Amino acid sequence: MLEKQLEYIRGVTDFVPEIAVVLGSGLGGLAEEIQTVCTVNYSDIPCFPVSTAPGHCGKFVFGKIENKNVVLMQGRVHLYEGYTPKQVVNPIRLMRKMGAGTLLLTNAAGGINSGFKIGDFMVITDHISSFVPSPLVGKNDDTLGVRFPDMSEVYSKRLSGIINEAAKKQNINIKSGVYLQFRGPNFETPAEIQMAKLLGADAVGMSTAIEAQAARHCGFEVCGISVISNLACGISDKPITSREVTETADRVAPDFKKLIKKAIGSF
């Protein structure tokens with residue numbers, strides 16, 4: 001199926017990206033500011049999963065950022081939408097087939113670390129994916145990667161260093177930490193957040209970790225940035241809403257765009 005999907009993309013554009021970027025909840029505005037070459041709606045690609053979550057447009061945007069050829073996912077798909085793990089990572093594998101070798105994952109996340117505040121950026125140093133099914137279960141596709149891929153450095157230290165340096169040059173305060181993925185769509189309970197904290201998580205969300213697994217499996221060099229859109233349940237005594245997530249993403253959007261552009265220019 002990946003070959004058929006790639007054939008469709010090549011029928012629309014022969015643009016070959018170097019860098020792939022997944023834009024998380026409320027962060028899709030970056031796609032409106034690049035030198036766009038072409039856009040492709042997910043719904044037009046054969047047997048391709050379509051975004052249904054609010055704030056996820058559901059299209060690939062091809063173009064240039066800082067003279068680098070990029071493909072942006074303006075919206076992702078999630079397990080909580082009813083998709084299988086393999087469907088969720090289908091876009092990641094397709095972008096690798098398109099020719100991209102570097103992947104930047106972004107998301108809106110709930111902050112657990114007591115040193116975090118709403119609106120902070122966090123470079124993802126590692127993840128915990130134990131609470132969601134692996135996209136690698138089942139017969140291995142040897143054309144994508146090996147049966148038992150190493151996960152000792154999922155998030156590239158080299159790329160993370162570039163992001164940190166880009167933040168420094170833009171006078172953007174940035175943290176680092178471990179991201180834990182839950183399935184969703186419900187936000188977590190206070191007890192679940194305390195468990196996540198005990199396990200060493202600094203932030204939680206409903207995406208990213210299984211995408212990173214699939215990305216490493218198929219040979220991407222991966223990095224990730226979380227926007228701390230809210231404080232996780234029990235960390236704050238205020239009820240969590242999706243509106244809060246969107247409002248935070250909108251507020252930090254200018255710095256987010258500056259950071260991503262600067263980092264991509266140095267990848």
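Helices, in the sense used here, are DSSP runs of H or I that hold at least four residues, and they are numbered from the N terminus. Lys97 has its place in one of them, helix H2, and this residue is taken up again below. The model described here is a predicted one.

## The chain as a whole

The protein chain contains six helices and nine strands. Its C-alpha trace extends over about 50 × 40 × 35 Å when followed along the principal axes. A compact globule of 267 residues would have a radius of gyration near 18 Å, and because the protein chain has 17 Å, the two values agree.

Buried residues make up 56% of the 267 in the protein chain. When contacts between residues at least 6 apart in sequence are considered, 82% of them join residues that are at least 24 apart. The protein chain exposes about 11300 Å², of which carbon and sulfur atoms supply 50%. Its side chains include 28 that are positive and 26 that are negative, and the centres of these two sets are 3 Å apart.

## Lys97 in helix H2

Lys97, whose place is in helix H2, has a relative accessible area of 25% and is therefore partly exposed. Beyond its neighbours within four places in sequence, Lys97 is in contact with Leu2, Glu3, Leu6, Thr143 and Leu144. Lys97 and Cys218 are separated by 121 residues in sequence, while their C-alpha atoms lie 9.2 Å apart in space.

Helix H5 runs over residues 209-217 and is mostly covered, with eight of its nine residues buried. These buried residues are Ala209, Ile210, Glu211, Ala212, Gln213, Ala214, Ala215 and His217. Their cover includes helix H2 together with the strands E1 (19-23), E5 (102-111), E6 (121-128), E7 (174-181) and E9 (221-231). After H5 comes Gly219, which has a positive phi near 100 degrees.

Ala215, a residue of helix H5, has a relative accessible area of 0% and so counts as buried. If its neighbours within four places in sequence are left aside, Ala215 is in contact with Ile92, Leu103, Phe220 and Val222. Between Ala215 and Val137 there are 78 residues of separation in sequence and 14 Å in space, taken from C-alpha to C-alpha.

## Thr248 in helix H6

Thr248 belongs to helix H6, which spans residues 242-266. Its relative accessibility is 5%, and Thr248 counts as buried because of this value, the cut-off for that class being under 20%. Apart from residues up to four places away in sequence, Thr248 touches Ile118, Gly119, Val227, Ile228 and Ser229.

## Backbone features in the loops

Most residues other than glycine have a negative phi, and most peptide bonds are trans. Against that background, several loop residues deserve a careful look. Cys47, which is not a glycine, has a positive phi near 55 degrees; Cys47 is found in the loop between strand E2 (35-41) and strand E3 (59-65). With a relative accessibility of 62%, Cys47 counts as exposed.

Asn67 likewise has a positive phi, about 65 degrees, although it is not a glycine, and its place is in the loop between E3 and strand E4 (68-74). Asn67 counts as exposed at 65% relative accessibility. Elsewhere, Gly184 and Pro185 are joined by a cis peptide bond with an omega of about 5 degrees, and Pro185 is found in the loop that lies between E7 and helix H4 (190-199).

Methods:
Residues numbered from 1 in each chain as written. Predicted model: local features only at pLDDT ≥ 70, side-chain atom pairs only at ≥ 80, totals over all residues. Heavy atoms only, no water. Helix = DSSP H or I, 4+ residues; strand = E, 2+ residues; numbered from the N terminus. Rg over C-alpha atoms; globule rule 2.2 N^0.38 Å. Buried < 20%, exposed > 50% of the residue type's maximum accessible area, 1.4 Å probe, protein only. Contact = heavy atoms within 4.5 Å. Areas by Shrake-Rupley, 256 points an atom, 1.4 Å probe, with all protein chains shown as cover. Lys, Arg positive; Asp, Glu negative; His and termini not counted. Charge placed at Lys NZ, Arg CZ, Asp CG, Glu CD.
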